[in-house]
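Dear colleague,

Please find the structure below for your records. A summary of the findings follows it.

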Amino acid sequence: MGRPQIESWDSAEHLETKEDMVAYLNVALEEGDPSLIMAVLGDITRARRMGVVAQETGLDRESLYKSLSANSNPEFATVLKVVHALGFRLQATIAPSDG
């Protein structure tokens, strides 16, 4: 009996609507992990086509890939450009109290 075949899974392939993308990003934002948030923004950007988003942000594709990797630490202005190019808006809400 041979080794089982494991297929790679790419979340970007499953993000079909803006609603899917927003829900995915909101879960990452709730977690509060910057690496996760950047990885999710990268997934969403790949789902929307990296070249298109790069053009809309004025960044080249390579810089955008680097900025949206899990281990990156991009400038907040870059994050805002990407969010805007994706057609999203960041919004603050009051966090629930712990007590």
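The model is predicted: local features need pLDDT of at least 70, side-chain atom pairs count only at pLDDT 80 or more, and totals for chains, interfaces and linings use all residues. Residues are numbered from 1 along each chain as its sequence is written, and side-chain values use heavy atoms, without hydrogens and water.

The protein has five helices and zero strands (DSSP runs, H or I of at least four residues for helices and E of at least two for strands, numbered from the N terminus). The C-alpha atoms fill a box of roughly 55 × 45 × 25 Å along the principal axes. Of the 99 residues, 30% are buried (under 20% relative accessible area; exposed is over 50% and partly exposed in between, with a 1.4 Å probe and protein chains only). Among contacts (heavy atoms within 4.5 Å) with a separation of 6 or more, 52% join residues 24 or more positions apart.

Leu-80 lies in helix α5, residues 76-85, and is partly exposed, at a relative accessible area of 38%.
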